[in-house]
Amino acid sequence: MPTSPADTVAFIGLGVMGYPMAKNLLSGLTAEKTLLICDVSIDVLDRFVKEAQGQARVEFVSNGFEATKVADTIITMLPGSDAVKSVYLDPDTGILAGAVAAAESGSPSRKVIMECGTIETDTILTVAKATQDVSASKLDGTLTFVDAPVSGGPMGAEAGTLTFMVGCPPAVSDAVFPIVKSYLKHMGKEKETFLCGDVGAGTAFKVINNYLSAITSLAASEALNIGTKAGLDVKLLTEVINASGGQCWVTSKSNPVPGVQENVPSSRDYNGGFRIELCAKVLGMGSKLAKSVGARTVLDTPTLEAFHEAMGDERYRGKDARVVYKWLNESET
């Protein structure tokens, strides 16, 4: 195991997003650094190590407890609230327990732990509160939890162009945020790593962004399907839209019409993107957030209904969310 926690970073969760994120992180680490990786799949871990040959040192750890005992920076990219609670809060294998165990051998070092997935706000705040309590009572205030969800999807993860929305306790943000940015810059655009406010603010920013993105995915698909049904040149229609007031990320960066753009999910049978199930989940999180703050919404309910209808058909299930274009195109009026 590495001897310097300050030169060791752990990445837990090597899924569709986490795997390319961890690879880009590794590529940015200097030779004296060690990357610890952890995942439920041994095959994924073995593949990562084989692909990492010739780069910084890579080692396996079995859980968050073992990672936090020897690393001062822990990054997690987990699929949901249950996984987050387990990885962070389990008394035997969790990250918080590992931080306490590390401190028992000497003075506690400053550790930063961050979750980059899109997780329910209640779970983020639960982990933040638990971290604050443990840090204050057992670690001399040296343990900090931040939420740092991402935007950019699998394509952005592969390209290392993710946007990060960070929530960090204001009392320590001057010291902690530069540490966070020093690692996130290898996985995204440094100028698009934003300090959004206190813990939980990053998640709120992310959910609101995805709320808008989900609705525009359906809106853009409807508009382009009208053009298709009208017999128009949809590639030219897209060019006009992108030079006009209808331009949005969906039309310009991930067009839902097959063949209009290269290297996007719609041109790969809607594979390899942001799955419609996840898009619907985050849209639902946006609706929940809106209700909790008393914000009236109109477009979320019909958009969710459209997504659920498409998801009910095996032809569209599990595909990138822009598959709603194909669903519309193949639907009977």
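**Ring and charge contacts in the predicted model**

The charged end of Lys206 lies over the ring of Phe274, 6.0 Å from the ring centre. A charge counts as over a ring if NZ of Lys or CZ of Arg is within 6 Å of the ring centre and within 35 degrees of the ring normal. The model is predicted: local features need pLDDT of at least 70, side-chain atom pairs count only at pLDDT 80 or more, and totals for chains, interfaces and linings use all residues. Residues are numbered from 1 along each chain as its sequence is written, and side-chain values use heavy atoms, with hydrogens and water left out.

Two aromatic pairs are present in the structure. Rings of Phe, Tyr and Trp (its six-membered ring) pair if their centres lie within 6.5 Å; planes under 30 degrees apart are stacked, over 60 edge-to-face, and the rest tilted. Tyr19 and Phe48 are edge-to-face, because their ring centres are 5.4 Å apart and their planes stand at 80 degrees. This pair links distant parts of the chain: Tyr19 is in helix H1 (residues 18-28) and Phe48 in helix H2 (residues 42-51), 29 residues apart. Helices (H or I, at least four residues) and strands (E, at least two) are DSSP runs, numbered from the N terminus. Tyr19 is buried at 8% relative accessibility, and Phe48 is buried at 1%. Buried means under 20% relative accessible area, exposed over 50%, and partly exposed in between (1.4 Å probe, protein chains only).

Tyr88 and Phe145 also form an edge-to-face pair, 5.4 Å centre to centre with 80 degrees between the planes. Tyr88 lies in helix H4 (residues 81-89) and Phe145 in strand E6 (residues 143-147), so the pair ties together parts 57 residues apart in sequence. Both Tyr88 and Phe145 are buried.

The charged end of Arg47 sits over the Tyr19 ring, 4.2 Å from its centre. Arg47 is also linked with Lys23 and Glu51 in a network of salt bridges.

The whole structure holds 15 salt bridges (a side-chain nitrogen of Lys or Arg within 4 Å of a carboxyl oxygen of Asp or Glu). One of them joins Lys288 to Glu120, with the closest N and O atoms 3.8 Å apart. Lys288 is in helix H12 (residues 276-293) and Glu120 in the loop between strand E5 (111-115) and helix H6 (121-138), so this bridge ties together parts 168 residues apart in sequence. Lys288 is partly exposed at 47% relative accessibility; Glu120 is partly exposed at 28%.
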